[in-house]
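I opened my notebook to get to know a structure that was new to me. Here it is, so that you can follow along.

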Amino acid sequence: MEPGDLAGPGRAQTALLLAHTIVVQAVTFMLRPASAYRALELDVPGAWLGVLGASFAVVPLVLAVPSGHAVDRLGERRVALAGSAMLVAAGLGFVLLAGSVVGLVVASMALGTAHLCAVVAQQALVANRTPAHRYDAAFGYYTFAASLGQALGPGLIVLFGGDRPIPDTRAIFLGATVVALPLLVVTLFLHPSAHHRQSADGPGAGGLRDLLRRPGLVRALTVSCVVLAAVDISLVYLPALGTERGIAAGSIGILLGVRAVASMASRLLLGRLVAALGRRVVLVGTVALSAVGLGLLLPPLPFPVLVLVVTVAGLGLGAGQPLTMSFLAEVAPPGLRGRAMSLRLTGNRLGQVLIPSAAGVLAAGAGAAGVLACTAAGLGAAAVAATGLHRAPPTDSHP
């Protein structure tokens, strides 16, 4: 990994940003499942479990664009610091308020706010501090770090809470708070870019309306939304498919792990692939590959073939998010990149709510295989939409 691939003038800044990304995701993926376990301890009704899950997601829908505007106006480090402080506060909120479902919801909303601020700041920092010709490698490394943090989070649940069916949730909440504390120090050493200073009267002054008129931006948002929703659907409906076909839960766990590892591998190799083939070709190809992989799940297959098919789908799904980030970073001018990334998060959250909900309605009649087939068709349509994406001329120069 080259020093300039991610934020900062050298390897130290790269390491700081990657560390910040890993810890934010790990703490989030500790606290979210632990909050569900705590709700089960409290014997809350099933409807409240849905409210608890939605309380994390609703904040990004409401505050995503304002947080992007804050990044553009105030700088990435300040918003990342606010997100880090809020993450610590969310951990303390779970420690102090987890005795009631209302307290869990309040703490979960704080967690959603913290995660949003940190992620928007991180992505804007990558966009603003990376030379345009290194966007694909940089966002590939960034999303790999995010995936690594998401994989570490559940393991930390076992470390702090034990391996009982219902872990020690208070210990997990305390552990997550302790793990989050170093973020406050790490953030102080992150170097912000200078681009936020241009947002008041520079190229970013036109605001969201001008941003949405940028060629290819809506296409990139749409592709990102569909790919992320496909990831969520695969996480839910691969187990459902296993249940319908009598596949052991352990085997389904292996398939989900294979998909995750394949996605992470594609992100590590992304810079080289784009250098060899071009960003649009790689995006269209990987989204189409994921469509083929999910579509091949429709007929019953032997388990070794399932592993191969899921690997194909995982390789394709892993590349969609970093590549659409690269397109957005290249299309958006200095002073609007925070808002561009926040628009992407808003679209992703809407997709995560609406598309799986539609899939659930479909599953009532078509079953898990039908849902996966329709998801594959949606990915095929996203691949067609991605053919209209072209590299934009550079909007600024990077040191």
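Below are my entries, in the order I looked things up.

**Entry 1: the model.** I noted at the start that this is a predicted model.

**Entry 2: two residues inside.** I began with Thr28, which I found in helix 1, residues 11–41. Is Thr28 buried or exposed? Its relative accessible area is 1%, and the limit for buried is under 20%, so I wrote it down as buried. Leaving out residues up to four places away in sequence, I listed Pro33, Phe56, Leu87, Leu111 and His115 as touching Thr28.

Next I turned to Ser290 in helix 12, residues 279–295. Ser290 is buried too, with 1% relative accessibility.

**Entry 3: a helix with a kink.** I followed helix 5 through its 27 residues, 135–161. From first C-alpha to last it reaches 39 Å, close to the 39 Å expected. Where is the kink in helix 5 centred? I found it at Pro154, with an angle of about 25°. After helix 5 comes Gly162, and its phi is positive, near 85°.

**Entry 4: a patch on the surface.** I then looked at a nonpolar patch with about 630 Å² of accessible area together. Its members include Val58, Leu61, Met109 and Leu350. Helix 2 (46–74) and helix 14 (337–386) each give two or more residues to it, and helix 2 gives the most, with 4. I picked out Val62 in helix 2: at 57% relative accessibility, Val62 is exposed, because exposed means over 50%.

Definitions and conventions:
Residues numbered from 1 in each chain as written. Predicted model: local features only at pLDDT ≥ 70, side-chain atom pairs only at ≥ 80, totals over all residues. Heavy atoms only, no water. Buried < 20%, exposed > 50% of the residue type's maximum accessible area, 1.4 Å probe, protein only. Contact = heavy atoms within 4.5 Å. Expected span 1.5 Å × (residues − 1). Bend = angle between axes of the 7 residues up to and from the residue. Patch = residues over 30% accessible without salt bridge, like charges linked within 9 Å, V, L, I, M, F, W, Y side chains within 5 Å. Areas by Shrake-Rupley, 256 points an atom, 1.4 Å probe, with all protein chains shown as cover. Salt bridge = Lys/Arg side-chain N within 4 Å of Asp/Glu carboxyl O.
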